[in-house]
Structure formats: structure tokens, C-alpha cells
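Please keep the sequence and the structure open while reading.

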Amino acid sequence: MSIAAKPNSALLIVGHGSTENPDSSTPYFEHADEIRQRGLFAEVHCCFWKEEPSMREAFYLIDADDVYVVPDFISEGYFTQDVIPRELQLTGATTVVRGKSFHYCLPVGVHRSMTDLILKRAREVAPDIAPSETTLIITGHGTGLNQNSTKAIRDQVDLIAASNAGYAAVLDAYMEEQPFIAEWDQLSQTPNVVVVPFFISDGLHSFQDIPVMLGIESEVGAAASQREVFRHNPHHLRGKMLYYSSAIGTERLLADVILDQVADFDNLHLSL
Amino acid sequence: MSSASQLKKLLQNGIHRIGQLELQTNVHGFQYVICHFLDCENTVQPDFGGLIVHHGPADARDLSTYSEDGTYRFTKGQTNLKQGWVMTLANENDLLLALDQFYPACVGLFLAQQGGILEIESLREKLNRQTGMYRFARSISDAGAQALIQQVCGPAHQCAKKILWQIDDATPLDDSEASRFNGIPSSLSEMEAIPLLCREACNHFVAECRKAAKAEFDAKAPQA
């Protein structure tokens, strides 16, 4: 979807961030750079829950009186429905805070265009294998605290299974709830398995925790950017060929999904 | 007036430092040049005195993410910015973009303070909004928090920010080097430097509060 330039508006990309993992916020800044280069907004900024600048500091970054807020989060849930609105003092789709209008868009992970990104990533990581002999597993964190946290993944599984992508099976699996990603080999019936982490960044979970659960690593390794040698696909494990991709959020085209959410916001809320 | 225009005006009026960055104008034909302040004499030499040159603000985040020894700079107010580089910037918009990577929002916070619109958040407000594993941080005692500030904050602990917040609305910080620090990690006057302002406790401090709160809890627990 194309988006008209908004020379009087700012775009605020909100991420989680980390005080421990330097890679956690990298995709957010890359998405911001990508959009900034296109010259669509007067300003493009990032802010975080666990990194600087904080969401409350973000107000002081912005000159424009009109601000689109896009959560660069993978699902709707506690952060997008509670933390971000509270931190930015948002009470609805559009909220005026100290003279600025903040338009609160949906998180990137729930947008329908994520399907194409997942399939692109799956093809890139395993270009020479037949989908008909392959199980595609989309993996996320999962938590018993919020059902919405897995809904985005389950929706993508349904969309890809119903598409003509041709995978023998498309499954969801999680770190902390069933079906567990650690049991990937038992979940799949095919000789090939492609695992795409449905996370924004190659941070603690996708690059350090899940590889241990998959059996690629025996212990949690250093942060992705600190590795001298990145993992090489495929991995011959548990009688199968395993292909493990980097987190879906590291896809530079995710910048387009951010813009899609802005366009969808306008269509839904500002076109009346 | 935009933040970038206000920044330009500050430089015209004699400001040339923020944190450990020296801000220079009209060097070798570039409108703005920034570098580690300890490298600033190199920039006027031919070829920037051998400093690694970065054109434009794109590399600002990479330069500010790790210290010289490869340590992750988890708060940008840390006084361990690496040396050996110089960045050229074509205009004040790019300058502000770069500064917001090195010292996130610090120009805006300073401008807001100058304009009397900076809102400050007490430690209790910050801790009471923490979730998940950090929720426990809110149980730290006032005395524990006061002690922690002197163990974690200020230039003696590699943080160059001026603390603006209190424990709560009625409880100021105890007097210490950390609570007195003016946000300028050099001997420059306030006419020459933009101070780094700390309007809310950082996430590193929150994490330390959690550890201290757990230690307080464990110390109070009856011995088995």
C-alpha cells in the first residue's frame, strides 16, 4: 500500500528495547532510517520501554504537532494495549497531549502484509528445498498471561496454510507454552523443517534462547552482533534438516508494514 | 522555532559541547563536525588528523553503542564514549539527528527545560509503573534508593547526567557528588555546554533498584 507524504507529521516508532542486549533495538532504528530516507514524514523517531529514549522522553524529540505512533511489536497484548497508551498518555485512536495530536496505530505484527514477509524469509533461508517436503514453523514467546500474544502467530499460520505456498504443514510453536518449540522434531512429519522466529529483533529470545531449545546450540551464546561466525543452515539435527532464520522483524521491508499501519489508520479513522 | 534551529542558535551563542562530544562549526568546509572532545584538536589538522571520518549521521548509533573496550553502553550518559572518529554533518537537522543517537532526546530535554515545560518524574512514579520482573523494584526503601544513587549515579560511576528527579514529591535526594553533578562532564561552564538531563530514573537504575529491593527483602526474611 502506498502512503501519501505527511510533511507536517512525525512518525514515532515504539519498541521494547533492552539494557542488556545491544541488538534488541537495532531493527527499530533500521526501520526508522529506511522510512526517514523516503522523506515521507517531517520527523521519524524511535522510543522504547527499556532503552533510551523512553516513551516519556519521546515527547521532547518531536517538533510536529501531528504524530503517528506505530508499535513495532509483533502482537497486540499487554504492551500495546496497556503500557504504550499509559506511557504516552493515549486514551483513544487520536489523543491530544499537550497540544500535539497522537494517532495510535495497530502494531506491525498484526498487519496482513506480514504473511508475505514470513514466506519471503522462509524461502530465503531454505531456497533449494521443496515446500511439499517441508514443515514451516512460526515461533514466538507465548505466555499464559495474555491470549493475544499468540493470536498474531496463529493468524499467520492459518493464512499461510490456506495460501498456495505449498508447505506440507504450517505450525505455530512457542517458548513458554504448548506446543513447545523445543519439540519441533516431534511436531513435524517432514524431512525438512523451517523455523521463522516471529520476533522483532535478534535479541535474547530468537538468537540466544531458541537456538538452545532447537538443539543448534548447547548453551546460550553471545549476542548476535558479537558472534564471530553466524549460524549456517541447514542443521542436521534429530534426523531432520533444520533451517533457522533470523527474526522476522529484522527484515528491512518491515518498514513498509509500519507505513501500511499508518495508511490503515488514516483509512479507518481519518477518512470520514 | 524548530529544535534544530534552536540548536543552531545555541551553537552561534557559544555552546560547543554536549556530554563527551565537541561540536564544531565550519571545519574543512563542513558546516558541522562532531567528535570526542579529547580528539577535537585533531579535527583542524589535514585529513582530520587521522581520525576515522563518517559523513552524515547514519553511523552515530554504531559509534555510541560500544565503548573502546567493546562494552555495551547500556545508558548513553556513560562517560566511556569511544575516541578516534569524527563525523561531518551538512546541516543542523543532521546534527540534531546525530546528537539524538549519541544522547537520546538530550537536546530536546534541555530546550524544554529552558522553556519551562520539562516535566520531571519522581523515582516512585517510575518504579510504580514497572511490570513483570521489575515490579519488585517498587518495594525498595527510601534509604535503599538514596544509597543506591550514590552507588550507581554520577560521574564516579560513569554517568554524566544531571539528576532532576526526587525520591517522591516530598523527598529530595541526599546531598552527594551524584545529586550535585551538573550534567557537564568537563570543566566547561554552563555557557559552553548543553547539560545531559535525567528527567526520570533510567532502566539501569530500575534494574539496580530491583536487586537492592530483593536484598532488603532477603535481609528481613526470618532465618531458617
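How many residues of domain 1 of chain B are in contact with how many residues of domain 2 of chain B? The count is 21 residues of domain 1 of chain B against 18 residues of domain 2 of chain B, where contact means that the C-beta atoms of two residues, placed from the backbone, lie within 7 Å. This is a predicted model, in which local features need pLDDT of at least 70 and side-chain atom pairs count only at pLDDT 80 or more, while totals for chains, interfaces and linings use all residues. Residues are numbered from 1 along each chain as its sequence is written, and chains are lettered from A and ligands numbered from 1 in the order in which they are written.

**Domains of chain B**

- Chain B is split into domain 1 (3-114) and domain 2 (123-220), with bounds that come from an automatic or database domain assignment.
- The centres of domain 1 and domain 2 of chain B, taken over C-alpha atoms, are separated by 26 Å.
- On the side of domain 1 of chain B that touches domain 2 of chain B, strand 1 (17-18) and helix 4 of chain B each supply at least two residues; helices (H or I, at least four residues) and strands (E, at least two) are DSSP runs, numbered from the N terminus.
- Helix 4 of chain B gives the most to that side, with 5 residues.
- By class, that side of domain 1 of chain B has 10 nonpolar, 10 polar and 1 charged residues; Ala, Val, Leu, Ile, Met, Phe, Trp, Tyr, Cys and Pro count as nonpolar, Asp, Glu, Lys and Arg as charged, and the others, Gly among them, as polar.

**Helix packing in chain B**

- Helix 1 (residues 3-12) and helix 4 (residues 106-114) of chain B pack at an angle of about 80 degrees, with their axes 11 Å apart; axes are lines fitted to C-alpha atoms, for helices over the stretch in contact, and angles run from 0 to 180 degrees between N-to-C directions.
- Helix 1 of chain B is therefore roughly perpendicular to helix 4 of chain B, a label for angles of 65 to 115 degrees.
- Ser3(B), Gln6(B) and Leu7(B) of helix 1 of chain B meet Val107(B), Gly108(B) and Leu111(B) of helix 4 of chain B.
- This contact of helix 1 with helix 4 of chain B has 3 nonpolar, 3 polar and no charged residues.

**Chain A**

- Domain 1 of chain A is 6-109 + 251-270 and domain 2 of chain A is 111-250.
- Between domain 1 and domain 2 of chain A, the C-alpha centres lie 26 Å apart.
- Each of these domains of chain A gives 24 residues to the contact.
- Helix 8 (residues 254-270) of chain A has 17 residues and reaches 23 Å from its first C-alpha to its last, close to the 24 Å expected at 1.5 Å times one less than its number of residues.
- Buried residues of helix 8 of chain A include Leu254(A), Val257(A), Ile258(A) and Phe265(A).
- Among the elements covering the buried residues of helix 8 of chain A are strand 1 (6-15) and helix 1 (26-37) of chain A.
- Leu11(A) lies in strand 1 of chain A.
- Leu11(A) counts as buried because it has 27 C-beta neighbours inside 10 Å, the threshold being 20 or more other C-beta atoms within 10 Å of its own, placed from the backbone.
- Not counting residues up to four places away in sequence, Leu11(A) touches Ile35(A), Phe41(A), Val44(A), Tyr68(A) and Val70(A).

**Contact between the chains**

- Chain B contributes 22 residues and chain A 16 residues.
- Helix 2 (60-65), helix 4 and helix 8 (203-220) of chain B give two or more residues to the side of chain B that touches chain A.
- That side of chain B has 8 nonpolar, 8 polar and 6 charged residues.

Key:
Buried ≥ 20, exposed ≤ 12 C-beta atoms within 10 Å, placed from the backbone. Parallel < 35°, antiparallel > 145°, perpendicular 65-115°, else oblique.
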